[in-house]
Amino acid sequence: MTTKRVGVIGAGQLGRMMALAGIPLDIDFVFYDEAQQSPCSNLGTGIRPSANNALAQFIASVDVVTYESENTSLELVRKINLQKPVYPGELSLSKSQHRLTEKTEFNDLGIATAQFLRVTSKDELSYACQQLGLPIVVKTTTEGYDGKGQAVIKTVADIDAAWHALAGNELIAESFVNFSRELSVIAARDVHGNIQVYPIAENAHHEGILRVSRVPVKDLCPAKEQQAKDFISLLLNHLDHVGVLTLELFDCEDGLVANEMAPRVHNSGHWSIEGSYCSQFENHVRAICGMPLGNPQAKQAASAMINIIGKNGDRDCVLANANAHLHMYGKSERPNRKLGHINVFGDSEGEVDASLETLAAFIDECG
Ligand code: AMP
């Protein structure tokens, strides 16, 4: 029997896009989140965790549970898992929550990473600088996102400031990776172990926040493309992962270097909503519901996704562009908040560039 009721821990834009993909498949959604007004309002039932008996009610009202964030409480997932399946499973979630465990796991599987050391004191930080060689990147092992909770140490004079900014947390010191660009590979794995890998995306960040993702990646050699597919397949199988998994990669001269993974649909895969035959959201929902996976291949010769951040801007120019699709999340304006995105496609990369040109003023204001 096909699962019909999906519970989502969280009610942000990722849950919204899962529901928008799953509702046509006859799937109902229940969102476990404190917010009364959210991007998921009207797309399903909301259950507030602070309400009486909320967890029992949530568990009773769904067939399978998923989540929007790698920072989802492992304890909560464990409790739910005693009664209903949670996908991706505990192993995927726990390994993604801790940068040291994650990178150790990568290395154990033969997936290249920056060299790294655990740091819990200023002396250990100085030692890491000597061992790894400057510059280094220091990050909190948990809870960091969008570049928060990290510092770059370029000279020994930076050690004090970095320590003061991050002390009190367990830290990971990483050698500085000299990459030419940042890529991500997204794949879905179903309950039977079948895997579908999306075309690799190239991602541009500004102030730690993803701004633009593009597919295909220009001049990516077949060996690196294969390497990305091998890395993510190794991880998916090792974790016995069900659902979508994302792996962020640095493109280096000698090959790809893994930075981090997310056991979920990812901002760098939003292009797939119109850009591929079966979006990351639909494949995630299909996977966790025990349905066969769809085709992740690109429908268009070239696609781009531009985040709308902080301000809504004048969206008419987006709607006036025949090659653009607007996706708003129903959120209010706030600096650095992801409010929506635009997907642009074309018969060539040049055509996508031309569309981005016409949207330049909008992107400058909101991208
Ligand atoms: P993260 O929070 O690990 O995704 O890091 C945020 C950003 O910092 C990445 O997207 C990279 O641009 C940069 N970064 C992270 N780790 C390293 C590293 N070891 N070497 C060079 N740049 C890095």
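Predicted model: local features only at pLDDT ≥ 70, side-chain atom pairs only at ≥ 80, totals over all residues.

Trainee: Which residues come nearest to the ligand?

Mentor: Arg99, Lys139, Gln150, Val177 and Glu182, out of 14 residues around the ligand.

Trainee: And how do I spot polar contacts?

Mentor: Look for pairs of N or O atoms within 3.5 Å. Here, a ligand oxygen sits 2.8 Å from a side-chain N or O atom of Lys139, and a ligand oxygen is 2.9 Å from one in the side chain of Gln150. For Glu174, a nitrogen of the ligand is 2.9 Å from a side-chain N or O atom. As for burial, the ligand alone exposes 470 Å², and the protein buries 86% of that. β6 (136–140), β8 (171–175), β13 (243–252) and β14 (255–262) each give two or more residues to the shell.

Trainee: Why does the ligand lie between domain 2 and domain 3?

Mentor: Because domain 2 (115–175) and domain 3 (181–364) both give residues to the shell around it.

Trainee: How do I find empty space?

Mentor: Rolling a probe the size of a water molecule over the atoms shows where empty space is left. In this model, the second largest pocket has a volume of about 160 Å³. Its lining has 7 nonpolar, 1 polar and 2 charged residues, including Tyr198, Leu220, Glu225, Lys229 and Gln297.

Terms used: Residues numbered from 1 in each chain as written. Heavy atoms only, no water. 1 Å grid on protein atoms, 1.4 Å probe; cavity = no way out; pocket = protein on both sides within 12 Å on 5 of 7 lines; lining within 4 Å. Points joined across faces, edges and corners; volume = space filled by probe spheres on them. Nonpolar A, V, L, I, M, F, W, Y, C, P; charged D, E, K, R; others polar. Near = heavy atom within 4 Å. Polar contact = N/O pair within 3.5 Å; in protein donor to acceptor, adjacent residues only side chain to side chain. Areas by Shrake-Rupley, 256 points an atom, 1.4 Å probe, with all protein chains shown as cover. Helix = DSSP H or I, 4+ residues; strand = E, 2+ residues; numbered from the N terminus. Domains from an automatic or database assignment.
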